Amino acid sequence: MTWATTRGLHRHWSLMCLFRPRALRQTSDTSKGDKLQQAIGSAEGRFLQDFALDADASAQSRQDGRRGGQNAREDLTACVRGKCAPLAAALLVVAIGVMSIAGCNENRSESGAPTMPEAISNQQQSEALFDYAIGLLEDLDQYNDFNNQQALEQIVGRLNQWIQLQNVDQHWEADPLVKTLPEAFQRLTVVRRLADLHFSQPDGTLLREAIWLRDVARMAQGEAVSELEKAVALFDWTVRNIQLDAPPEAEAAKSPNLPWHTLLFGHGLAEDRAWVFILLARQLGIDAVMLALPNPQAPKGYRPWAVGVLSQGELYLFDPELGLPLPQAGGTGVATLGQLAADDSLLRQLDLEEHAYPVRADDLSELIALIEASPGYLSRRMQIVESHLAGDRYVTLSVEASKLAQRVARCQGVGQARLWLLPYERIAEQMHMTPEQTRITMLEALPFQVAGATLWKARILHLMGHLTGKNGANTLYMASRPSEVEMAEADLKPAQREVLKRRKQAASYWLGLVAMERGRYETAIQHFERRTLKDWPDSPWTAGARFNLARSLEALGQLERAAKIYAADTSPQWHGNHLRARWLRAKLEQQAATD
């Protein structure tokens, strides 16, 4: 079954009734099957909470910034004076927020701003609120609620309280490139709110996404030292962990995913891979842009092509569709834009007998550099949060788009630099999702939500680098694989069984990726070969399992077997995998000649 197959499921099941459990016989001893059935039933009605941007989120969450309760302030005063434990201080911060939401009375100054006892300075209040919000953000992997909705609401609420205590620059201006956006995108709520100092639901989601990206980047960089080595490691992680989807047919519905969806779901288009890779590089302080080829026949006048990583004044190129860095001579290293433009033979080594690589050196004189600058990374409030982070807690939350554009425009072969419209297109589309897009998102979210949201927590742990241990990703992925006996005892409806099967398939595949991350390639091979490809030959993860099986075999020195798998590939990444097969066989021939 492919991702597109999920569209066919809609014709057979009513989503409103999908997880209404059949009546269960009440007994004193609840079997595993009964527990599984009950857990599935509890998922009804929570499908899309926070999975699309809420255009009215800012208005809806205005009350989160209120602080109330004189008694709570007095207790907080005692904590600041050292008369209570740190945990109690954190709980008091929560209590203040709860009372403000409940509408408790509060003392206010003549200007209407809440007042606090003089014994507590603004700085102390500020630090307590900020530490609580960021601490909660750092510990999202410890919470079981699907999509972290409650935790994100608390984070947003505390940040709204905190930012009221900050001395902010009143002369702030948005990045000049914002004015170059099409008028329709400038009217988006998230764009109109760039200068706003009030946090809303999309901000909480962006903060979580940034934490995921930061933690993935730190894990993926491994022992890399130079910028280019780190970029290679990040790109390799992206290719291994984001399975490439085929471009949808013109009439087919496609969920307008943001980077955090792509990370969570583990698959996406070439442009989704590029987007994630660029943001991962940003977390390590590495500049990267999407490079596009001018094409008057294309809808936008250009065709996105490769990611350019800027290092020491040169753009090093990575092709997200091939799943390969564009190599120097001999299929090794990473070529620069200048090298490719000067030597067409470097591009011709990417040709296959049955398919030529669709770029020539002559095409590389006036490329368009597309700057990733999603609205959140341009907002004043995110810049302020980032400026208060340091050390292990530091996370990149902003981009100086105009300055990046200027640096990239100086590179050989770049004709112009401008904002990448993809993030704005996706945000606009999320606000106007069709019923078909909504159903697709619902169905993809369901495996994460059922049975205690175990798969959700396992995936977050995986992305945040917590792979092993009793409460690590590996353990929870294993718990997300119910046996056939348990599923049979649960007396499931066909639709329920299908969702649990997809949950088990994903967990089995991701167990292989965890094993790869730990260097346990024999274990990874078991998960890819037996628990994915053998158990479910036509699962949604077949392409990724075959690719990562070959990568694991490569790591173990089994090059001939890996080359056979690459050469037989028919997935959307087939061109790049056939090149991998060619290069492995050339390496084998070289080794044989040497021997």
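A residue is called buried when its relative accessible area is under 20%, exposed when over 50%, and partly exposed in between (1.4 Å probe, protein chains only). Helices (H or I, at least four residues) and strands (E, at least two) are DSSP runs, numbered from the N terminus. The structure is a predicted model, in which local features need pLDDT of at least 70, side-chain atom pairs count only at pLDDT 80 or more, and totals for chains, interfaces and linings use all residues. Residues are numbered from 1 along each chain as its sequence is written, and side-chain values use heavy atoms, with hydrogens and water left out.

**Helix H26**

Helix H26 (residues 542-555) has 14 residues. Because 10 of its 14 residues are buried, H26 is largely enclosed by the rest of the structure. Among the buried residues are Phe547, Leu549, Arg551 and Leu553. The buried residues of H26 pack (contact: heavy atoms within 4.5 Å) against partners including helix H11 (227-241), strand S1 (243-244) and helix H28 (574-594). After H26 comes Gly557, with a positive phi near 85°.

**The sheet**

Six strands form an open sheet with mixed pairing, in the order S6-S5-S4-S3-S7-S8; two strands pair if DSSP finds at least two bridges between them. Strand S6 (324-325) and strand S8 (414-419) are the edge strands, each pairing on one side only. Strand S4 (residues 302-311) and strand S5 (residues 314-319) run antiparallel and are joined by 5 bridges. Val309 has Tyr316 in S5 as its bridge partner. Helix H18 (residues 401-409) packs on the sheet, touching strand S3 (287-294), S4, S5, S7 and S8. The direction of H18 makes about 60° with that of S3, where axes are lines fitted to C-alpha atoms, for helices over the stretch in contact, and angles run from 0 to 180 degrees between N-to-C directions.

**Salt bridges**

With a salt bridge defined as a side-chain nitrogen of Lys or Arg within 4 Å of a carboxyl oxygen of Asp or Glu, the count is 20.

| Pair | N to O distance |
|---|---|
| Asp196 and Arg193 | 3.2 Å |
| Asp344 and Arg360 | 3.1 Å |
| Glu400 and Lys403 | 3.5 Å |

Asp344 lies in helix H15 (residues 344-348) and Arg360 in the loop between H15 and strand S7 (367-371), so their pair ties together parts 16 residues apart in sequence. Arg360 is partly exposed, at 44% relative accessible area. Salt bridges with shared partners join Asp344, Arg348, Asp351 and Arg360 into one network.

Technical notes
The expected span of a helix is 1.5 Å times one less than its number of residues.
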